[in-house]
Amino acid sequence: MITLSAQTVKAEVKPKRLVVVNPDLCVGCMSCMFACARRFPNGGLAKAAIHVRSVGGFERGFTVIVCRACPNPPCAKVCPTGALTPRKGGGVTLNPSKCIGCGMCREACPFGAIQWDTELNKPVICVHCGYCVNYCPHGVLTLEEVRW
Amino acid sequence: MIMLADKACTRVLYVDLSRKTYWVKERPDLFERYLGGTGVAVKLLREEMNLSADPLGPGNVVVFAVGAFTAAYPTASKTVAMFKSPLTGNLGESHAGGRSAVAMKMAGFGAIVIKGESDIPVYLSIHDGKVFFRDASALWGVRSTYTVGRVLRERESWPGLRAIMRIGRAGERLIKYAGVVTETYRHFGRLGLGAVWGSKKLKALVVGGRRAIPVADPRKYRKVYDKIYDKVVKSDSMKKYHDLGTPVNIIPLNKIGALPTRNLTSARFEGAENISGEAIAETMLARRVACSHCPVACIHIAAIREEYPHEKYFYTTKYVSYDYEPLYSLGTMLGISDKEGVLRLIEEVEVEGLDAMSTGVALAWATEAFQRGIITEKETIVKPSWGDWRTYIQMVKYIVEQPNEFYRKLGEGTEEAAKTYGGVEFAMTFGKNEMPGYHAGPATHLGYVIGARHSHLDNAGYSYDQKLIGKEYPPPEKVIDDLMKEEAWRQILSSLVVCFFARKVYTPELVAEGLEALGIKIDAEGLKKLGWEIYAEKYKLKLDMGFDLEKDLKLPRRIFETPSPHGKISEEFMQKALDHFRKRIKELTGK
């Protein structure tokens, strides 16, 4: 009985994913990027898995680029060393010791959502932890339960 | 024990435009002692420049510097530029935000020193530890700074993590108050950096990159970060910038009679409500934008709906960034009460790459001189009159195109023009720099004239005066002492480099905590002392570049004629104050 109920509880903790709710609300402050990089824990931006840039100049607003947690991620499909493996709930996890930094994953993602750590020459992979959400003052980002 | 965990931030990039070469030196000696920004720039300028150099010759040197807090803490979003000003012939210092500061630090440099002059127009592309000299011949003479930005955006790397600084035609043509535009809406506006670039045939500078900033104490770093972040987004200290932005000042300043109007013939403007932050926000505010690493997003952008000239039902939208100072200089100072008119004038100034404040004050002087018959249509070509923004747009073009001797003089600054044609008593300049937008009382104007860069932001005399309304005014010596104390502390803020708008967040204690997490141990008292040291070094440099404490602390006649919120300003009070300042600055600098 006890084992069964523990299993039930575990099943109810559904995986979450980071969602860009409305990029039109983004002011381009980059606080999310700095937050992501701070997890490692450094200043700067080397390990930011999320990227913000203007869509052709400040006057035209911003776009927010981050892993959308695909259920069948193309980046994992093209990884030649098996460093990227599909994650429960979508997206991928990176095993850095297997990664040779070939950059195939970056090419494969149609959103351009795989950022690159130029210092280590390896991809920066979003783990959908939602730390960045706490630093978005305008409600651009949210962490939600995976529904697919 | 001072030791920055991030070694790369002490790297100085030296670029020689004459020889099209560059080199990099690590300068922990400078960055660990002076934190960065202003403190480091003062030292680098002194090291690299012959102080008697022609500001528009190859001997002038441009220093850009960021600081210990850049890309480490929120609102550390500014870059300090230091150079010899062609407008004043003295020390030039101008700060800008946008993407510039974070981009420079992410490219792996704490400072960039630009020397010499190129034989052909060039732009610099700085990334991956290298400098690429690129031919800018085709960009030279392009009508709009917006276009130059668009072209470079397509051609260059690091989107989102770069700054695109460029000059307009005004800089190319050496207008002495031309600025450098960065990310379209932010500026190294003041004191003529654009003309210095123009003289060096430097059209643009693109810098970008991405790296980590190692910290000394990760746990402490994240704690201090959160403390600062919370203060920035949750406390009231930055509300003014968060909501209506700097234009929130227009109505209150008008109410107290501190809003310079029509060349300061008045300090109240009947049209203030029409061009207020509230009025523009209500119908035209279209977007909010932030500098890198600043959640406040104080950049306010208005949309102007514009019909095609010859086709019905075809429309386009223009986006114009507005702030208090341009609304003052190109609005109230010129008597413009049509908000769309003032925004269109601001846009023209942006297109040409001029400094909004100097341009507005120069046009205000020209209008009064025209009305008094000192100059005529022979000089001005068009007929300037208060409120007529269409004519002012034409005059802005003339300042850049220089169709006659009058506009050539006007392009040298308000004071130069007034010296030639007359009307010095209503040429609103301080140390040859056109005045900022406050007539709040004695401390305001003392602040402009004694400030090392003749900016209201040097020592905030304008704010000092506003706080004193309804209270007894202190004696002149105390006013000077207080302004100098403020200016000394602000050297720390501009060395870190944090935005002055966050000055209430960054108390000496919090700055000390923030520095400790990065590896610099210095307490609040030590910081204040360092502020005085940097202030002294800067003023020494200013004096060595020829600033004369006897002759150059001049106040324009007009400030004594138009009543301020503290009544008419007394000349005797101001002279006493300036005498005290001379004494204090001699003690401070030992000169």
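## Basis of the model

The model is predicted: local features need pLDDT of at least 70, side-chain atom pairs count only at pLDDT 80 or more, and totals for chains, interfaces and linings use all residues. Residues are numbered from 1 along each chain as its sequence is written, while chains are lettered from A and ligands numbered from 1 in the order in which they are written.

## Chain A

Chain A has 4 helices and 9 strands. Helices (H or I, at least four residues) and strands (E, at least two) are DSSP runs, numbered from the N terminus. Starting at the N terminus, the order of elements in chain A is α-β-α-β-β-β-α-β-β-α-β-β-β.

The C-alpha trace of chain A spans about 60 × 35 × 30 Å along its principal axes. Of the 148 residues in chain A, 43% are buried (20 or more other C-beta atoms, placed from the backbone, lie within 10 Å of the residue's own).

## A sheet in chain B

Strands of a sheet pair through backbone hydrogen bonds, either parallel or antiparallel. In chain B, 6 strands form an open sheet with mixed pairing, in the order β8-β7-β12-β9-β10-β11. Its edge strands, β8 (130–135) and β11 (186–188) of chain B, each pair on one side only; two strands pair if DSSP finds at least two bridges between them.

Strands β9 (residues 162–166) and β10 (residues 180–182) of chain B run antiparallel and are joined by 2 bridges. B:Met165 has B:Thr182 in β10(B) as its bridge partner.

Definitions and conventions
Buried ≥ 20, exposed ≤ 12 C-beta atoms within 10 Å, placed from the backbone.
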